[in-house]
Amino acid sequence: AAAMLGLSTATASAPAAASRFLRRRAPTVTAALGAHFRQLRLPSSPRWPSASLRSLAAPGLGRRHFSAEAVVRESMEFDVLIIGGGPAGLSAAIRAKQVANELGKELNVCVVEKGAEIGAHILSGNVFEPRALEELLPNWRELGAPLDTPVISDSFYWLPNGKHAVSVPGPLLHIAPELRQEGNYIISLGTLCRWLAEQAEELGVEIYPGFAAESPVFGEDGALVGVQLRDVGVDKKGKNKDTFEPGMQLLAKQTILSEGCRGSLSENLMKHFNLRENCSPQHYGLGVKEVWEIAPENHVAGTVTHTVGWPLNQTTYGGSFIYHMKPNLLHIGMVVGLDYTNPYLSPYQEFQKFKQHSRVKALLEGGKCISYGARCLNEGGLQAIPKLTFPGGMLAGCSAGFLNVPKIKGSHTAMKTGSLAGAAAAEALLGAAGSESLEIVKYEADVRSSWVWEELEVVRNFKPAWGAGMVPGLAYGGAVMMATRGKEPWTFRWSKKDSDYTKPAASCQKIEYPKPDGIYSFDLLDNLARTGVNHEHDQPSHLKVKEESQSVPLEVSLKVYDGPEGRFCPAKVYEFVPDESADDGRMRLQINAQNCIHCKCCSIKTPEEYINWTVPEGGGGPQYPAM
């Protein structure tokens with residue numbers, strides 16, 4: 001592969017060299033690589049005969065414009081295939097290779113990432129807890145991990161209005177271990193992932209960014225045997241262009257899903273294998289964030305601030321974060337629980353309004369916003385974690401939902417569960433008995449006996465208690481974290497999805513948001529330019545109204561809820577516009593898929609979850625620089 005790509009194999013290992021090349025060049029070589037890969041003739045394995053493979057034709061994820069017989073698809077084979085180049089996926093890859101090295105055996109590990117480069121789609125706060133990193137790479141300091149802003153102070157405020165702030169006393173705040181920030185770092189998670197990718201490459205992991213895994217591939221026995229990459233070179237009408245390249249099938253003995261929150265493949269496989277049968281529906285929040293360069297006199301590196309209250313009402317779960325990172329960067333944002341009830345609420349506008357608070361405005365004075373982004377995060381906790389294994393694969397990180405809600409942290413749990421998945425896969429494939437168990441149930445047992453499960457068990461009732469409102473929720477959450485420590489003999493559960501909480505527009509009050517001033521608050525489309533979002537224009541929309549929900553946008557969403565997707569989407573993807581083909585003044589739903597920043601909110605909060613979020617061509621989406 002290295003020779004084919006024009007790389008020298010004399011000074012670097014072929015997988016690492018080719019992987020680095022791909023990471024640098026992914027935006028321009030995505031289509032061309034299909035032809036390169038088809039020239040590869042890897043030794044065939046009797047376990048994976050091509051004739052025995054079939055792809056899942058689930059609604060919205062099946063073939064769009066051709067039959068399976070119409071296209072010849074090449075395949076590549078690996079021992080372990082990892083979908084997603086975030087903290088969970090990269091930790092899984094590193095740990096799998098570490099185990100192989102400890103056993104003195106070879107293990108072929110591949111990571112596929114839909115972003116144009118590793119880190120391009122990574123968005124987080126991020127106050128990082130290094131516990132999992134310390135376990136995975138104890139010498140991370142010597143290796144130069146990008147953790148250079150240690151937390152030196154943290155504070156928590158309740159905002160009663162846009163002018164005042166009530167501080168929670170430090171000693172009270174620090175009683176709860178979940179709220180302590182000592183030993184943590186303010187980081188760019190995207191930068192950390194790029195560094196983790198370098199460590200993985202040094203171990204021989206093959207990393208291919210710019211390739212979107214579209215659908216699962218199953219064997220004759222029903223087990224997952226890999227994934228199929230999305231085709232490139234298909235026009236809006238579903239016809240092949242001159243640049244058409246069929247997506248390859250990447251096959252593996254074990255596939256680890258680490259796509260992040262609401263991953264499309266993960267959601268598909270959870271339904272296919274009924275992995276959510278014994279858990280509550282996952283709940284989500286939408287995080288909206290900006291990065292600012294602020295005046296030196298306003299910046300204190302290592303300072304962490306969280307708030308609850310204004311501008312959100314007493315019944316809406318959410319809050320803000322403000323992190324000072326070296327040299328003069330400010331990470332500022334807001335998370336809003338997607339179980340909010342008023343369809344007129346806009347998480348983006350609530351965040352813009354938050355920046356008009358007198359204290360926040362003073363902090364930003366003289367500064368400049370340099371980046372913007374948004375992403376959904378899991379908030380269901382322990383009760384919403386599905387079964388983690390299935391024949392041929394497993395779920396890790398935020399694909400399964402391991403975020404610790406009161407900590408507002410999920411990177412450390414993602415890395416730990418990813419590490420456990422990688423270790424379990426390697427041990428099963430390379431163990432003394434040579435076992436290649438179709439379903440590695442040991443992984444879930446390892447997770448349940450780890451500190452990740454212990455963390456989530458302690459705080460399992462924190463978020464559900466907010467159903468009674470902010471004040472009761474804070475009171476109950478404080479009691480849980482400071483007194484009972486998860487020992488209460490009950491566990492709150494629920495049966496409603498986030499979209500089920502939205503009330504009809506007729507029963508809610510409209511929310512009028514202030515116009516942006518262009519200095520502290522910004523028009524959404526102006527801010528969208530700061531995401532670096534880019535998609536190939538002439539391709540089928542990756543945002544699809546489900547076949548069974550064709551009437552929902554107009555008859556339910558617009559008529560009953562007054563089109564909430566036009567307000568909750570943080571990229572102005574959805575609009576109801578006049579239908580020019582109709583004479584009766586009816587409206588139609590317009591989907592501006594090219595604006596999509598892959599937050600996944602539309603697949604969660606649209607009435608009846610009528611949107612099926614599928615992957616666009618690899619390399620498309622936001623290009624977050626250091627978020």
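Buried means under 20% relative accessible area, exposed over 50%, and partly exposed in between (1.4 Å probe, protein chains only). K355 is buried at a relative accessible area of 0%, and E290 is buried, also with 0%. The model is predicted, so local features need pLDDT of at least 70 and side-chain atom pairs count only at pLDDT 80 or more, while totals for chains, interfaces and linings use all residues. Residues are numbered from 1 along each chain as its sequence is written, and side-chain values use heavy atoms, with hydrogens and water left out.

The structure holds 20 salt bridges (a side-chain nitrogen of Lys or Arg within 4 Å of a carboxyl oxygen of Asp or Glu).

| Pair | Closest N to O |
|---|---|
| E290 and K355 | 2.7 Å |
| K241 and E536 | 3.6 Å |

E290 lies in strand 14 (residues 284–293) and K355 in the loop between helix 7 (347–354) and helix 8 (358–364), 65 residues apart. Helices (H or I, at least four residues) and strands (E, at least two) are DSSP runs, numbered from the N terminus. K241 is in strand 12 (residues 240–245) and E536 in the loop between helix 13 (524–528) and strand 21 (543–545), so this pair ties together parts 295 residues apart in sequence. K241 is partly exposed at 24%, as is E536 at 39%. E267 and R262 are both buried.

Helix 9 (residues 411–430) packs with helix 11 (residues 451–458) at about 140 degrees, their axes 9 Å apart.

Conventions:
Axes are lines fitted to C-alpha atoms, for helices over the stretch in contact, and angles run from 0 to 180 degrees between N-to-C directions.
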